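I opened the notebook to look this chain up piece by piece. My entries follow the display.

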Amino acid sequence: MNATTPHLVYMANQIATAFRTREPEAAVRATFDHIWQFWDPRMRTLIVEHLAAGGDGLGDVAKGAVQLLADRLQGAA
């Protein structure tokens with residue numbers, strides 16, 4: 001785990017919390033959209049790697065958003 005990873009997990013969960021009033025699927029999509037638009041590519045890579053290693057600490061919405069991110073990045077490869 002990179003030293004930055006706990007902070008990224010915290011940030012992803014905070015973003016997900018901001019969308020908690022939406023339906024779960026919409027909250028996942030909104031969290032993904034925010035991460036995609038505003039996070040540096042290195043940050044995205046680190047959080048996807050964290051998910052691949054089990055995603056410890058990620059809430060359900062954040063985990064779903066990071067999975068969408070992983071799918072998007074894999075499609076771009």
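Where is the place of leucine 51? I found leucine 51 in helix α3. My helices are DSSP runs of H or I, at least four residues long, numbered from the N terminus.

Ground rules first. I am reading a predicted model, where local features need pLDDT of at least 70, side-chain atom pairs count only at pLDDT 80 or more, and totals for chains, interfaces and linings use all residues. Residues are numbered from 1 along each chain as its sequence is written, and side-chain values use heavy atoms, with hydrogens and water left out.

**Leucine 51**
I looked up burial. Leucine 51 counts as buried because its relative accessibility is 15%; the cut-off is under 20% relative accessible area, with a 1.4 Å probe and protein chains only. I then listed contacts, meaning heavy atoms within 4.5 Å. Leaving aside neighbours within four places in sequence, leucine 51 is in contact with Leu58, Lys63, Val66 and Gln67. I also checked leucine 51 against alanine 70: they are 19 residues apart in sequence, and their C-alpha atoms are 8.6 Å apart in space.

**Leucine 58 and the core**
I followed the contact to Leu58. Not counting residues up to four places away in sequence, leucine 58 touches Val9, Ala12, Asn13, Ile47, His50, Leu51, Lys63 and Val66. The largest nonpolar core has 21 residues, and Leu58 is listed with Trp39 and Ile47 as having the most contacts inside it. Such a core is a set of buried Ala, Val, Leu, Ile, Met, Phe, Trp, Tyr and Cys residues joined through side-chain atoms within 4.5 Å. I noted the suppliers of this core: α1 (5-18), α2 (24-38), α3 (41-52) and α4 (60-76) give at least two residues each.

**Threonine 31**
I moved to helix α2, where threonine 31 lies. Threonine 31 has 0% relative accessibility, so it counts as buried. Beyond four places in sequence, threonine 31 touches Ala12, Ile15, Ala16, Phe19, Val61 and Ala65.

**Whole chain**
I counted four helices and zero strands. From the N terminus on, the order reads α-α-α-α. Of the 77 residues, 35% count as buried. Among contacts between residues at least 6 apart in sequence, 62% join residues at least 24 apart. The C-alpha trace spans about 30 × 25 × 20 Å along its principal axes.

Notes
Buried means under 20% relative accessible area, exposed over 50%, partly exposed in between (1.4 Å probe, protein chains only).
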